[in-house]
Amino acid sequence: MLRWSLHRIAAGVALVWLVATFTFLLVSLAPGDFATRLTDPRIPPAARARWRRDFGLDRPLPLRYASWLGAAVTGDLGSSWIYKQKVVAMLASVLPNTLLLTSLGLALELGGGVALAIVQLRKPHGTGDRIITLATLAAYALPAFGVALGLIALLSYRLHLFPPSHMLSLEGEMAHGWPRLVDTARHLVLPVAAIGVTGVGAVARYLRGSLLDERTEQYVLAARARGCSQRQALVRHALPNAVLPLITMMGMSLPFLVSGSLVIEVVFSWPGMGQVMYNAALGRDLPLVLGGTIVATVAVVVGNLLADVAYAVADPRVRV
Amino acid sequence: MIVATTADVTTFNEYQSTQETGELDTIDLLFPALMTEQPDYQLHPPSFAPRLATSWEFSSNNRTLTFHLRPDARWSDGVPVTADDVRFTFQAQKDARVGSLGMEMKDFIRDVEVVDPHTVRFNFTRVYPYQLMDANDGHIVPAHAWGKVPFEKWHTTDFEKILVTGGPFRLAAHTPQQTIILERDPGYWGSPRPNLDRLVLRVVPDMASQLEQLFAGQLNVVQAVSPQEADRVQANRDLNLVEFPSRMWGMVGWNNRLPMFADRRVRKALSLGINRKSLVDTVFRGHATLSAGPVLSSTWAYNRTLPQLSYDPVQAAQLLAQAGWRDSNGDGILDRDGKPFAFDLLYPASNTLRRQMALLIQADLARLGIKVRPIQMEFTSLIARTEAGDFDATIWVWVDATKVDLTSTWSTPSPSQGTNNFIGYSNPDVDRLIAAAREEPDYTRAKVLLDRIQELIVADQPATFLYESKLLVATSRKLRGADFNAAGLFFNVDEWYWGT
């Protein structure tokens, strides 16, 4: 167990280093740098060359990489070039917002998907099953921004049920305690729904497929023979086995949890990782891009680890 | 009053700003400046109104400029705003460790002397037309608060934590990526004081969402409405649409270094062969005017006698033939020395207006037998390629300063000074005249030189001048008293008020 853990941790660290190095190269080799965008007749052109010196962009690539890595291993990810704030502090301020949004979105995806699949399997290939299959497929095929705009148009502008954007209303930003929580919850409804609606289809499809397979397995039939109801046999016996591919799928979704859905964040003016990382990439804000990438990579590593553990819990044959 | 903005303020310290997100508009509400530049540059260079300075005068040899400051000016923490703050600001602007974008504007100011707490003197190394503008450039920052941070730490300091302001508004709250709430500073010494108690900037990155929220009444002001949406805003009874000339103008920049575009007959043919009037009318739906040359028609420096090239494909074809471009192999595309007349036209991916322009240009030039391949690129990559001279042609947009100085964009590129002349235009006569014009302290005499420069550049057609766009600001009809103009969204924010 200890060896296994050490092995996994070492592999994880190596992966983070590889991804960070690759990102460093990609951003550095991409056309343009942080100073490129200072093209404006109102800004003296000499300022560009000056900024390249100031931010060390005129130094050779290996040198820049070495000094970044040297600082990074000590935990110093530097300061954002655009925002002049510590990268760690910036990410720490936006990451919770994204996590709140995406974890609720994923929970809705998962919960909704499981519920739908179970409903569908009451009568496989019946009318209900077909309608749900069609609906989930359609939702899966829809682009996230389309769903988001549709939800806003209907539930916000037409029916005035939920706010169309932001994490808090102006009153909410001033409030504390319960009113603030309620306000945040109201603002969460539409973006979470937008994530859930588009994702629920995939979960339902996966689960329906594997449940359909498991349903005819002998252990399920045996459970039925022992007098379990159809529903009990499905939920208690077949579901734990059918859920295995889903665990892998969820493990793979962890980077989404962290890096967020850019489209959803932009449409809903949500103050999260997606938006910050997007602007950082466009502005070639190397320290911020690298910081965000590292956080996302760590999430993947942790996600896979959790998926493995979850696998072991769900499937007694797997032992870590 | 809730104003939409596409991006949050990245820093409240102007001298650390990349000036990309329009945050200077916000900074202008929070910090004092010596004077306020007026948007009256149609007939003469802009004049200045008193702000922190009540009056100013030049010495007899014009090398010294003395400002008299308001004795009652205070920072938001009650500390007086004095000549020391002005000198400290100048030191920050000039310091290489601070790396302010406008540093070079202070090149000819030798030093700033404190005469007494309310009198400050700027000493210049030379006499030139924009002394007043260069002295005024940048807001005054608090020496007593920010002087504690050594200049080498400015790059990595979060100035919001030590924010001390001195403007009509002060910062009440800031939720990153969401909201900036400004409130009227009761201790503000300037006049008039704003009518509004609060001014809220709400970050809404998506333009379509901004408009929808304006329609829903959740926003009161949306800057930069796209021309396609103008009719929809105008049709709404609760909204007002204000239109005014911006300082933004667009052109097709031809890479003058390439053999294909080196001949000015060819460049003129391209300008004649693009139906510019129809292009501007189609894309901007009447919210832009045709551009004739390198100087904005809304400024005093514009040469009003410049000829406007009309759409003339026949003359264009003749010019191309004179330059040796003929369809010798009958494939419908002109060629010369066995090479077809074909090039890539670059434009930024995020900009739908410029995509439409690229397609219209492609269609127009196809009729002349020129093959244009429109290519969209991510913005920073596009600039990197033009900066490196690695492009054929690009649809480019400039936002001009009120200082009319054509050096960086139209003088022969100088490696030591840096340049914005990406298209590689070079005409020694133009270089000489530009250098003379920027030295000429008398603007009426400078105007004569500038008129001649514009004639020469237009005759050379290093670029095809396309349009000068107008800015469209949509507001709630209840907002009264606002005078929107190119000087900035909040130019007369003191006079805004809520009507019924």
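Ala, Val, Leu, Ile, Met, Phe, Trp, Tyr, Cys and Pro count as nonpolar, Asp, Glu, Lys and Arg as charged, and the others, Gly among them, as polar. By class, 11 nonpolar, 7 polar and 7 charged residues line the second largest pocket. This is a predicted model, in which local features need pLDDT of at least 70, side-chain atom pairs count only at pLDDT 80 or more, and totals for chains, interfaces and linings use all residues. Side-chain values use heavy atoms, without hydrogens and water.

**Second largest pocket**
- Its lining comprises 25 residues, and Phe55(A), Gly78(A), Ser79(A), Trp81(A) and Pro287(A) lie nearest the centre.
- Helix 3 (61-73) and helix 14 (286-314) of chain A are the elements that each give two or more residues to this lining.
- Helix 3 of chain A provides the largest share, 4 residues.

**Aromatic contacts**
- Over all chains there are 37 aromatic pairs (ring centres of Phe, Tyr and Trp, the last by its six-membered ring, within 6.5 Å; planes under 30 degrees apart are stacked, over 60 edge-to-face, the rest tilted).
- Trp398(B) and Phe422(B) make a stacked pair, at 6.3 Å centre to centre and 25° between the planes.
- Trp398(B) belongs to strand 18 (residues 393-399) of chain B and Phe422(B) to the loop between helix 13 (407-410) and helix 14 (428-439) of chain B, so the pair ties together parts 24 residues apart in sequence.
- Both Trp398(B) and Phe422(B) are buried (under 20% relative accessible area, 1.4 Å probe, protein chains only).
- One aromatic cluster is formed by Phe31(B), Phe88(B), Trp146(B), Phe151(B), Trp154(B) and Phe159(B).

Conventions. Residues numbered from 1 in each chain as written. Chains lettered and ligands numbered in written order. Buried < 20%, exposed > 50% of the residue type's maximum accessible area, 1.4 Å probe, protein only. 1 Å grid on protein atoms, 1.4 Å probe; cavity = no way out; pocket = protein on both sides within 12 Å on 5 of 7 lines; lining within 4 Å.
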